[in-house]
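Dear colleague,

Please find the structure below. My notes on what was found in it follow after the model.

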Amino acid sequence: MTTFADKSAETSSAADLIALDERWSTHNYHPLPVVIAEAEGAWVTDVHGERYLDFLSGYSALNFGHRHPDLVRAAVGQLGRVTLTSRAFHHDQLGLFCRELAELTGTEKVLPMNSGAEAVESAIKVARKWAYRVKGVAEDQAQIVVAGSNFHGRTTTIVSFSTDDEARADFGPFTPGFVVVPYGDAAALAEAVTENTAAVLLEPIQGEAGVVVPPDGYLAEARRLCDEAGALLIADEIQSGLARTGTIFALDHERVTADLYTLGKALGGGILPVSAVVGRADVLGVLRPGEHGSTFGGNPLACAVGRAVVRLLSTGEFQQRSTALGAHLHERLNALVGDGVAAVRGRGLWAGVDLAPGGLTGRAASEALMRRGVLCKETHGHTLRLAPPLVVEESELDRGVDALAEVVGRG
């Protein structure tokens with residue numbers, strides 16, 4: 001008789017495991033041909049024992065690296081106690097998590113969810129209800145102004161206001177109530193905001209678009225326009241927040257405060273999905289029991305891990321590392337401009353690298369970097385996104401950039 005262990009032994013090679021993925025999993029991703037079996041810190045190891053430097057960090061979900069001991073300890077400890085109660089009952093971690101996260105972020109209330117997309121959907125629902133109950137917008141007339149080239153998730157409502165044809169094609173009919181304007185264009189934003197505007201929803205730095213930083217003053221102008229129109233400013237900090245750019249929020253660099261923030265990815269420490277909407281008590285307070293919820297949102301295991309994440313961030317160490325190491329990373333990357341690299345953008349330990357026209361595609365460059373022991377991923381054809389974990393060392397950054405220099409120089 002063939003046991004499950006025997007079947008596992010038969011499919012232990014990378015080729016066999018990739019073939020299994022191709023045969024049995026839905027093809028909604030196009031991963032690099034590497035099969036990771038172990039990970040620690042800034043490094044991952046494949047099934048054949050080859051080590052790779054992780055320059056993607058799960059799109060910022062692994063800000064603290066793989067298997068950070070404090071986060072693993074929190075998860076293991078909670079696993080031995082209770083993992084889920086649902087919100088039908090109180091549990092001993094929820095209030096503590098919400099208080100500690102609110103104190104860290106300088107906000108007043110926390111709405112815990114699971115995925116980043118759920119946090120954005122939740123913020124949209126809250127903004128609409130606030131517009132009707134508080135602002136006095138006529139029924140079903142509330143609008144949310146968003147930016148082109150956005151990425152807020154892949155639910156049906158969210159792709160309704162995407163400008164990415166790949167994200168939208170064949171998924172209609174789409175949810176109404178959204179007005180799309182070019183990112184970074186303050187004049188277009190001013191024209192779009194009306195008395196029916198419930199909120200302006202923006203990424204302080206657009207990640208999926210290629211780590212695009214808006215012009216100076218744009219986010220402050222968005223705040224001013226919202227104040228003038230009596231609308232909410234919602235900052236999607238799912239990728240940019242929690243020390244990725246050197247501050248708790250990327251919005252902090254502009255000294256701008258949002259009414260609501262969406263958090264995710266790093267909030268779960270790379271261990272499990274944890275997300276939240278944080279912000280003003282009077283805005284989140286429009287929700288009443290039965291109007292919104294999630295079976296797993298705010299579960300004890302998620303809260304225990306989230307509390308450990310908050311503790312790591314409360315020391316300021318990771319913000320300082322992102323700032324200092326980010327300056328080094330950008331200095332090294334900017335030195336490649338004109339030598340296989342067309343442009344570099346970003347902030348902290350986060351960079352978008354546009355490859356020079358006529359050279360390698362982003363996919364080809366990612367595969368070439370993989371062969372040199374560095375993992376990252378392309379976006380929009382000719383751009384690489386680099387987001388090393390915040391535990392990375394300067395020498396490891398140099399190793400990654402040296403590999404990139406070699407790749408683009410040969411491109």
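**The domain interface**

Across the interface of domain 1 and domain 2 the rule finds 2 salt bridges, a salt bridge being a side-chain nitrogen of Lys or Arg within 4 Å of a carboxyl oxygen of Asp or Glu. The side chains of Glu254 and Arg347 meet in a salt bridge, at 3.6 Å from N to O.

This is a predicted model, in which local features need pLDDT of at least 70 and side-chain atom pairs count only at pLDDT 80 or more, while totals for chains, interfaces and linings use all residues. Residues are numbered from 1 along each chain as its sequence is written, and side-chain values use heavy atoms, with hydrogens and water left out.

The domain assignment gives domain 1 as 14-31 + 39-67 + 317-408 and domain 2 as 69-315; such bounds come from an automatic or database domain assignment. The C-alpha centres of the two domains lie 26 Å apart. In contact across the boundary are 30 residues of domain 1 and 32 residues of domain 2, where contact means heavy atoms within 4.5 Å.

About 2,600 Å² is buried between domain 1 and domain 2, and carbon and sulfur atoms give 56% of that area. Buried area here is the accessible area (1.4 Å probe) that two parts lose on being put together, summed over both. On the side of domain 1, Phe64, Arg347 and Trp350 lose the most area to domain 2, together 31% of what that side buries.

Between the two domains, 16 residue pairs are in polar contact, both residues being at pLDDT 80 or more. A polar contact is a pair of N or O atoms within 3.5 Å; within protein, one must be able to donate a hydrogen and the other to accept it, and residues adjacent in sequence count only if both atoms are side-chain atoms. Helix 3 (57-60), helix 13 (317-334), strand 11 (341-346), strand 12 (351-355) and strand 15 (383-386) each supply at least two residues of the side of domain 1 that touches domain 2. Helix 13 gives the most to that side, with 5 residues. Helices (H or I, at least four residues) and strands (E, at least two) are DSSP runs, numbered from the N terminus.

Strand 10 (residues 275-279) is mostly covered, with 5 of its 5 residues buried; buried means under 20% relative accessible area, exposed over 50%, and partly exposed in between (1.4 Å probe, protein chains only). Ser275, Val277 and Gly279 point one way from strand 10, and Ala276 and Val278 the other way. Strand 4 (residues 109-113) pairs with strand 10 in the antiparallel sense over 5 bridges, two strands being paired if DSSP finds at least two bridges between them. Lys109 stands opposite Gly279. Strand 9 (residues 260-263) also pairs antiparallel with strand 10, over 4 bridges, and Leu263 has Ala276 as its bridge partner.

**Strand 2**

Strand 2 (residues 43-46) has both faces covered: Trp43 and Thr45 on one side and Val44 and Asp46 on the other are all buried. Strand 1 (residues 36-40) runs antiparallel to strand 2 and is joined to it by 4 bridges. In the hairpin of these two strands, Gly41 takes a positive phi near 60 degrees. Strand 3 (residues 51-54) is antiparallel to strand 2 as well, through 3 bridges. Val44 stands opposite Ala39 and opposite Tyr52 in strand 3.

Regards
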